[in-house]
Amino acid sequence: MKNFTVTIKDVANLANVSTATVSLALSGDPRVNVKTKKLVEEAAMKLNYIPNEIGRSLRAKKTETISFIIPNTSHHVFTHPYFAQLLEGINEVLDRHNYNLLISTSPSEKDESAAYNKILKNRRADGIILSSASIHDRNILRMVESGFPVVYLGKWHHDDALTVERDDMGGAYTATEHLIRIGRKRIVHITGPLDHQEGIDRLEGYKRALMDNKIHYDEALIMEKDFSRESGYEAAAELMRKQIDYDALFAGNDLMAIGALKFYKENKISVPGDVSVVGFDDIEMSTVVTPMLTTIHQPMRELGYVAAEKLMAVLNNQEVKEKRTVMSTHLIIRESCGADMP
């Protein structure tokens, strides 16, 4: 076999270990036991594997720093409640292990690789927590095969990737089914970007709930937006301009739902009298708007905590029993849908 055809994944498969373990073993990291190190070295020799120098050098010296990479969303990091709670969970684990946190973002979608290159080139972290990215972003695979231990926040199937994801599809199904059960038939869904897995999965959950309840899926009731409060306002305004007939709105996140609530209030549209509204996230703001927002709770802080725990386990050469973790969601009934509050 020629050298250029052999990857770190090939060595990992032959040695029956993870790519992160291969990287650690070949760099002489003391956290890898003697037996495993010998197994990896023999596999590398048999395959005539030449280690990637970037990945290898990363293990030469511990930085005691974890990088949280957020591609194409730098403007959301400091304004979206989702990231604030996520960071709380990550930081709790890192503080306990005396690790630092480095946040890496890209300035715009035009330079999507910038957030990744900052880490690969500067070698400033021991491991990476990677926020969900566009389904077209090829940099995810590049990070996993670089030799870095990586935990991905979202749905992504790869032999060497550890993931922590939300039950986006199940949460969207629950939200839509709840609206159907309280008598709503024409349910608008404001999606997030449909080149992101969470946007795709929440739309799919919405569709399945309609199908299971024998309600026709109508493309005219689907509005693709960007998860911002402003886009929720714009969606509600667009529905009015187009004179779309509907009696409920399920927004792909709370910020878009809150934006829609603002439009309804300004235009004297009664919620939930004229339109029932349900969001997704259960951010703190959902309890202070009027009416209070019915929403799908997702455990954002716990998601960050679990991701950081997985990464620290890899860095400490401990076994990670659950490669893929799915965090459950549940419905929080408040005033905006018109159902009785528990």
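Q: In strand 3, which residue is the bridge partner of Phe68?
A: Ile129 is the bridge partner of Phe68 in strand 3. Strands here are DSSP runs of E with at least two residues, helices are runs of H or I with at least four, and both are numbered from the N terminus.

Q: Where do the coordinates come from?
A: This is a predicted model: local features need pLDDT of at least 70, side-chain atom pairs count only at pLDDT 80 or more, and totals for chains, interfaces and linings use all residues. Residues are numbered from 1 along each chain as its sequence is written, and side-chain values use heavy atoms, with hydrogens and water left out.

Q: Back to strand 3. How many bridges join strand 1 to it?
A: Four bridges join strand 1 (residues 65–70) to strand 3, and the two run parallel. Strands count as paired if DSSP finds at least two bridges between them.

Q: And how does strand 3 pair with strand 4, parallel or antiparallel?
A: Parallel, over four bridges, with strand 4 spanning residues 150–153. Tyr152 in strand 4 is the bridge partner of Leu130.

Q: How many residues of strand 3 are buried?
A: Five of its five, across residues 127–131. Buried means under 20% relative accessible area, exposed means over 50%, and partly exposed is in between (1.4 Å probe, protein chains only).

Q: Which residues sit on which side of strand 3?
A: Gly127, Ile129 and Ser131 are on one side. Ile128 and Leu130 are on the other, and both faces are covered.

Q: Zoom out. What does the chain contain?
A: It has 13 helices and 12 strands. Of its 342 residues, 55% count as buried.

Q: What share of the contacts comes from residues 24 or more positions apart?
A: They make up 71% of the contacts in the chain with a separation of 6 or more. Contact means heavy atoms within 4.5 Å.

Q: How many bridges link strand 6 and strand 7?
A: Three, in the parallel sense, with strand 6 covering residues 187–191. Ile190 stands opposite Met223 in strand 7.

Q: Is Met223 buried or exposed?
A: Met223 is buried, because its relative accessibility is 6%.

Q: What does Met223 touch?
A: Leaving out residues up to four places away in sequence, Met223 touches Val188, His189, Ile190, Thr191, Ala235, Glu238 and Leu239. Met223 and Leu239 are 16 residues apart in sequence, and their C-alpha atoms are 8.9 Å apart in space.

Q: And Lys185, where does that lie?
A: In the loop between helix 9 and strand 6. Lys185 is exposed, with a relative accessible area of 52%.

Q: What does Lys185 touch?
A: Ile215 and Asp247, not counting residues up to four places away in sequence.

Q: Helices now. At what angle do helix 9 and helix 10 pack?
A: About 40 degrees, with the axes of helix 9 (residues 168–181) and helix 10 (residues 197–212) 7 Å apart. That makes helix 9 oblique to helix 10. Axes are lines fitted to C-alpha atoms, for helices over the stretch in contact, and angles run from 0 to 180 degrees between N-to-C directions. Under 35 degrees is roughly parallel, over 145 roughly antiparallel, 65 to 115 roughly perpendicular, and the rest oblique.

Q: Left-handed or right-handed crossing for helix 9 over helix 10?
A: Right-handed. The contact includes Tyr173 and Ile180 of helix 9 and Tyr206 and Leu210 of helix 10. Its residues divide into seven nonpolar, two polar and eight charged. Nonpolar covers Ala, Val, Leu, Ile, Met, Phe, Trp, Tyr, Cys and Pro; charged covers Asp, Glu, Lys and Arg; the others, Gly among them, are polar. A crossing is right-handed if the near helix is turned clockwise from the far one by less than a right angle, and left-handed if anticlockwise.

Q: What about helix 1 and helix 3, what angle there?
A: Helix 1 (residues 8–15) and helix 3 (residues 34–47) pack at about 125 degrees, with axes 9 Å apart. They are therefore oblique to each other.

Q: Which residues meet there?
A: Asp10, Val11, Leu14 and Ala15 in helix 1 meet Leu39, Val40, Ala43, Ala44, Lys46 and Leu47 in helix 3. That contact has eight nonpolar, no polar and two charged residues.
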